[in-house]
Amino acid sequence: MLNFEGVIRYIDVMTQKEFTYLASETRAKAVSIAQRFGYAQDDAEDIAQDVMLRLWSLHEQINDAAHLKASAAITTKCVCIDKWRTTHQHTEIAGTMPLIDEDTLHDRLEYAELERWLYKQIDALPTTSGIVLKMRQLEHRELGEIADILGIRQTSVSTLLSRARNELLNKLKRRNQQ
């Protein structure tokens, strides 16, 4: 007796040979998209490499060339946005946090006051956001672990964590402007 599901699954899966054949064209498309996002040639090449690695890990789930190209375009856009967010988030935070030299009594007192203020602001966050932020930042738990504990999806954990961090960052900016 023939197992048609197995035959159909095999037909719908992109093989390594097919992926390799389409890889150069797909990589060039990824570089082009990254450059349209404003990245220099070297950065665009790095992004394309990251995209191709991600797509290779998913090649068994890709059906055909059109699916590969669409996945490459979406993945490239997501990687570009992630890279932009990462670099801009660090520059924003670096500009808002005061540099503290703990050698002087005044600086130690100021740091202790800032720490108390920060814990107070964390406690003032909405319940779920505050819990997620404490679990991630203070208890150093992984996102998947937090999702399991709270019984929510990992994407929801990421969203709550992002909102909590943004709210704290905005409060810190307002505090430093006063």
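1. Let me start with the overall fold. The protein chain has eight helices and zero strands, where helices (H or I, at least four residues) and strands (E, at least two) are DSSP runs numbered from the N terminus. Read along the sequence, the pattern is α-α-α-α-α-α-α-α.

2. A word on what you are looking at. This is a predicted model, in which local features need pLDDT of at least 70 and side-chain atom pairs count only at pLDDT 80 or more, while totals for chains, interfaces and linings use all residues. Residues are numbered from 1 along each chain as its sequence is written, and side-chain values use heavy atoms, with hydrogens and water left out.

3. Of the 178 residues in the protein chain, 28% are buried; buried means under 20% relative accessible area, exposed over 50%, and partly exposed in between (1.4 Å probe, protein chains only). Contact means heavy atoms within 4.5 Å. Among the contacts with a separation of 6 or more, 60% are accounted for by residues 24 or more positions apart.

4. The helix pair I would look at is α5 with α8. Helix α5 (residues 105-123) packs on α8 at an angle of about 140 degrees, and their axes are 11 Å apart. That makes α5 oblique to α8. For reference, axes are lines fitted to C-alpha atoms, for helices over the stretch in contact, and angles run from 0 to 180 degrees between N-to-C directions. Angles under 35 degrees count as roughly parallel, over 145 as roughly antiparallel, 65 to 115 as roughly perpendicular and the rest as oblique.

5. By class, the residues of the contact of α5 with α8 are six nonpolar, one polar and three charged. Here Ala, Val, Leu, Ile, Met, Phe, Trp, Tyr, Cys and Pro count as nonpolar, Asp, Glu, Lys and Arg as charged, and the others, Gly among them, as polar.

6. Lys-171 deserves a look of its own. Lys-171 sits in helix α8 (residues 154-177) and, because its relative accessibility is 16%, counts as buried. Leaving out residues up to four places away in sequence, Lys-171 touches Trp-117, Gln-121 and Ala-124.

7. Leu-168 is also placed in helix α8. With 10% relative accessibility, Leu-168 counts as buried. Beyond its neighbours within four places in sequence, Leu-168 is in contact with Leu-118, Gln-121, Ile-122, Leu-125 and Leu-133.

8. On to the charged pairs. Side chains of opposite charge can pair when their charged atoms come close. The structure holds nine salt bridges, a salt bridge being a side-chain nitrogen of Lys or Arg within 4 Å of a carboxyl oxygen of Asp or Glu. One of them joins the side chains of Lys-69 and Glu-25 (2.8 Å, N to O). Lys-69 lies in helix α4 (residues 65-96) and Glu-25 in helix α2 (residues 16-36), so this pair ties together parts that are 44 residues apart in sequence. Lys-69 is partly exposed at 39% relative accessible area, and Glu-25 is partly exposed at 43%.

9. The side chains of Asp-50 and Arg-54 meet at 3.3 Å, N to O, and both residues lie in helix α3 (residues 41-57), four residues apart, about one turn of the helix. Asp-50 is partly exposed, with a relative accessible area of 27%, and Arg-54 is partly exposed at 36%.

10. Last, the stretch around the loop between α6 (127-138) and α7 (143-150), where His-140 is found. His-140 has a positive phi of about 55 degrees although it is not a glycine, and with a relative accessible area of 62% His-140 is exposed. Arg-141 forms a salt bridge with Glu-139, their closest N and O atoms being 2.6 Å apart. Arg-141 counts as partly exposed at 25% relative accessibility, and Glu-139 is partly exposed at 44%. Glu-139, Arg-141 and Glu-145 are linked in a network of salt bridges.
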